[in-house]
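Subject: Structure for you to look at

Hello,

Here is the structure I said I would pass on. Please open it beside this email, and read the notes below with it on screen.

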Amino acid sequence: MSQDTTAPGAPEGFVEDPSPAPTEAVAVVQPSLLARLGAEVFGTFFLVLAIVGVALYTFVSQQNALAVGLAGGIAVVAGAAAVGNVSGGHFNPAVTLGAAIGGRTAWRDVLPYWVAQLVGALLAGLVLLATVPSTLPQLLGQDGRGGVFVATANGYGSFSSLSTASQGGTEFGLVQALLIETIVTAVFVGVILGVTDKRASVQYAPVVIGFTLTALILVAAPITNASINPARSMASAVFAGDGDLWKQQWVFWVAPLLGAAIAGLFYRAFAFAPKQDDLLGEDQVVTLAETGAPAYSAAAGAAGAGAAAAVVEEEVVVTDENGDVVAVEEVVEVVEADEPEAPATNDAPGTDEAPKA
């Protein structure tokens with residue numbers, strides 16, 4: 001004979017001692033570091049190939065900053081769509097730093113990502129250098145093929161686009177270069193952190209990022225030829241081989257990294273999500289083990305009359321490719337159990353069956 005232990009007035013379905021609910025531990029794993037670095041090499045190679053490649057022969061095709069901006073934006077969209085799920089789609093040392101400060105990328109990945117991005121940028125520059133005809137430098141009054149890259153390089157003063165267009169009549173100085181590169185990079189990194197946030201309702205973040213890059217290139221192009229990306233600046237400077245240009249390259253590391261740091265700090269202060277996710281990267285959830293654990297739910301009555309509820313606890317362990325634990329999260333979910341059987345009734349002996357309606 002079963003006894004009803006439900007307290008008077010308590011909602012039906014409240015189970016005081018339910019059976020244990022299963023729990024499982026899952027690991028959130030990323031692609032290997034080698035795979036992520038390969039994705040960053042490819043993405044940065046593509047981005048620099050598009051931007052510097054379009055800028056390299058503007059004197060022949062009569063293209064302008066709009067064409068360069070569109071080339072950069074489209075390259076970001078395509079690169080992020082192709083390999084962003086592997087590495088997060090940084091393709092830029094400033095983006096990597098901003099993501100690390102914002103808590104979206106592990107600090108141990110910063111230097112490897114920077115190296116991969118520089119390798120990709122230099123490979124793109126090397127490919128473009130090989131395309132320069134041997135007779136072109138002489139026609140342009142340059143000493144070698146590398147001199148053609150001077151027009152694609154980031155710089156200020158006599159290297160700014162305004163100075164070239166005005167034939168040295170006026171130019172942008174160091175202060176303007178530092179200011180614009182810091183601001184446009186901060187905006188760019190801020191947009192990336194925002195649209196890739198798990199809580200954002202953006203359906204296709206790479207498109208937003210690409211359009212943002214196009215707009216910011218158009219803003220900064222007249223002043224510095226629009227860096228926003230230290231790896232892109234380094235590719236042009238290395239193959240240009242101009243000593244005076246080299247003296248200015250610190251600006252295109254300091255200003256973009258400063259802008260990225262500002263964006264990362266603002267994101268962490270006002271919109272930081274505790275769960276780490278590497279921008280466009282997609283983690284894979286793998287079940288580690290299954291265990292049995294007692295569960296108790298005081299909210300079981302909400303499951304409906306005659307239904308029991310149990311608490312299912314999941315421990316989400318975030319690990320890297322080496323198996324090191326990055327973070328641990330606990331997720332608790334209330335689930336409905338099967339409707340319990342009605343308790344048996346004890347009919348008095350000799351009592352006739354109740355008449356059916």
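Leu70 lies in helix H3. Please keep in mind that this is a predicted model. Leu70 counts as partly exposed because its relative accessible area is 38%, which falls between the 20% and 50% cut-offs. Together with Leu66, Ile74 and Leu218, Leu70 makes a nonpolar surface patch of about 340 Å². The most residues in that patch, 3, come from H3. An α-helix has 3.6 residues a turn, so residues three or four places apart point the same way.

Ser87 also belongs to helix H3. Is Ser87 buried or exposed? Ser87 is buried, because its relative accessibility is 0% and the limit for buried is under 20%. Its side chain makes a polar contact of 2.6 Å with the side chain of Glu40. Leaving out residues up to four places away in sequence, Ser87 touches Arg36, Ala39, Glu40, Tyr113 and Asp278.

How many salt bridges does a search of the whole structure find? The search finds 3. Side chains of opposite charge can pair when their charged atoms come close.

- Arg36 and Asp109 form a salt bridge through their side chains, at 2.7 Å from N to O. Arg36 is in helix H1 and Asp109 is in the loop between H4 and H5, so this pair links distant parts of the chain, 73 residues apart. Both residues are buried.
- Arg199 and Asp197 form a salt bridge at 2.8 Å, N to O. Arg199 is exposed, at 53% relative accessibility, whereas Asp197 is buried, at 9%.
- Asp244 and Lys247 form a salt bridge at 4.0 Å, N to O. Asp244 is partly exposed, at 48% relative accessible area, and Lys247 is exposed, at 62%.

Next, the interior. In soluble globular proteins, nonpolar side chains tend to be buried together. The largest nonpolar core in this model has 46 residues, and the members that touch the most others are Leu47, Phe188, Leu213 and Ile228. Helices that each supply at least two residues of this core include H1 (33–56), H3 (65–87), H8 (174–195) and H9 (205–224). The largest share, 8 residues, comes from H9.

Last, helix H4. Why is H4 described as largely enclosed by the rest of the structure? The reason is that 9 of its 9 residues are buried. These are Pro93, Ala94, Val95, Thr96, Leu97, Gly98, Ala99, Ala100 and Ile101. The cover over them includes H5, H8, helix H10 (230–240) and H12. At the start of H4, a side-chain oxygen of Asn92 comes to within 2.9 Å of the backbone nitrogen of Ala94. After H4 comes Gly103, which has a positive phi, near 80°.

Regards

Terms used. Residues are numbered from 1 along each chain as its sequence is written. This is a predicted model: local features need pLDDT of at least 70, side-chain atom pairs count only at pLDDT 80 or more; totals for chains, interfaces and linings use all residues. Side-chain values use heavy atoms; hydrogens and water are left out. A nonpolar core is a set of buried Ala, Val, Leu, Ile, Met, Phe, Trp, Tyr and Cys residues joined through side-chain atoms within 4.5 Å. Buried means under 20% relative accessible area, exposed over 50%, partly exposed in between (1.4 Å probe, protein chains only). Helices (H or I, at least four residues) and strands (E, at least two) are DSSP runs, numbered from the N terminus. A polar contact is a pair of N or O atoms within 3.5 Å; within protein, one must be able to donate a hydrogen and the other to accept it, and residues adjacent in sequence count only if both atoms are side-chain atoms. Contact means heavy atoms within 4.5 Å. Patches are made of residues with over 30% relative accessible area and no salt bridge: like charges are joined within 9 Å, nonpolar side chains (Val, Leu, Ile, Met, Phe, Trp, Tyr) within 5 Å. Accessible areas come from the Shrake-Rupley method with a 1.4 Å probe; for residues, only the protein chains shown count as cover.
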